[in-house]
Amino acid sequence: VKKYLKEVLGHAYTDKTKLVFVEHHQSHMHLAYATRPVIKTPTAVIVADAVGELETTSVWISDGTHTPKRVWETKYPHGVGLMYSAVTKLAGFKTNEEEFSLMALAAYGTPSGAEYDFLNDFVEVSFSNGLPEFLTSINFHKEDLFSRYKEAIGRHVAYENASLGSTMQKILTDYMRSLTDSLVTKFDTRQ
């Protein structure tokens, strides 16, 4: 690692440079916290992605003057990020790489009731420690959604299927709204 850092950083890296390794979600949290718009106010940071180490969603809280502490998490194989990646693949994009394409596609469609029901069948939101936890009934890394989709919806997924992107975005938005509303109630954080 040191040899690689010397190559990449050049003279900015010396033998006295201290290396600190942090967890995946912790690195996301630090970036969000360091770039927040209002300083010295209570802050909640939500990290949601496919998988960090084992975390898929984590919540961090700060009084605004100290580094946020992790107060809650959801672990693999559950999590809205994993489902988002699976739907990305279902729409014909590369997982862990082209989720932004599904998000962009969502802007061109409207949520479909049939697709919403299909995707929502795999989800249960239950409360854990006062916060909504996004639980999934299948492992999205191991399941093939293509055949299930065709059976439930009656057609293959079209690459340009904007309604699928929009439907997944609605599920994500509804869950994140529920999580942020619960955070405000539980921790009195409005940022």
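**Entry 1: a first pair**

I looked up glutamate 23 and found its side chain in a salt bridge with that of arginine 70, at 2.3 Å from N to O. The two partners sit in distant parts of the chain, 47 residues apart. Glutamate 23 is in the loop between α1 (2-9) and α2, while arginine 70 belongs to strand β3 (residues 69-75). I note that the model is predicted.

I then checked how open each partner is. Glutamate 23 is partly exposed, at 32% relative accessibility. Arginine 70 is also partly exposed, at 28%.

**Entry 2: further pairs**

How many salt bridges does a search of the whole structure find? I got six.

One of them involves arginine 70 again, whose side chain meets that of glutamate 73 at 3.4 Å, N to O. Glutamate 73 counts as partly exposed, with 24% relative accessibility.

Another joins glutamate 55 to lysine 75, with 3.6 Å between the closest N and O atoms. This pair, too, links distant parts of the chain: glutamate 55 is in strand β2 (residues 55-62) and lysine 75 in strand β3, 20 residues apart.

Is glutamate 55 buried or exposed? I read a relative accessible area of 7% for glutamate 55, so it is buried, the limit being under 20%. Lysine 75 is partly exposed, with 37%. I also noted that shared partners join Glu23, Glu55, Arg70, Glu73 and Lys75 into one network of salt bridges.

**Entry 3: a charge without a partner**

I turned to arginine 36, in the loop between α2 (24-34) and β1. Arginine 36 is buried but has no salt bridge. Which side chain of opposite charge is nearest to arginine 36? I found aspartate 63, 7.7 Å away.

What I did find around arginine 36 was backbone oxygen. A polar atom of its side chain lies 2.6 Å from the backbone oxygen of tyrosine 33. The backbone oxygen of valine 38 is 3.4 Å from a polar atom of the arginine 36 side chain.

**Entry 4: threonine 43**

I moved on to threonine 43, which is in strand β1 (residues 43-48). Threonine 43 is buried, at 4% relative accessible area. Its side chain reaches the backbone oxygen of threonine 41 at 2.8 Å.

**Entry 5: helix α7**

Last, I looked at helix α7, residues 162-187, which has 26 residues. From first C-alpha to last I read 37 Å, close to the 38 Å expected at 1.5 Å a residue. After α7 comes aspartate 188, and its phi is positive, near 55°.

Methods:
Residues numbered from 1 in each chain as written. Predicted model: local features only at pLDDT ≥ 70, side-chain atom pairs only at ≥ 80, totals over all residues. Heavy atoms only, no water. Helix = DSSP H or I, 4+ residues; strand = E, 2+ residues; numbered from the N terminus. Expected span 1.5 Å × (residues − 1). Buried < 20%, exposed > 50% of the residue type's maximum accessible area, 1.4 Å probe, protein only. Polar contact = N/O pair within 3.5 Å; in protein donor to acceptor, adjacent residues only side chain to side chain. Lys, Arg positive; Asp, Glu negative; His and termini not counted. Salt bridge = Lys/Arg side-chain N within 4 Å of Asp/Glu carboxyl O.
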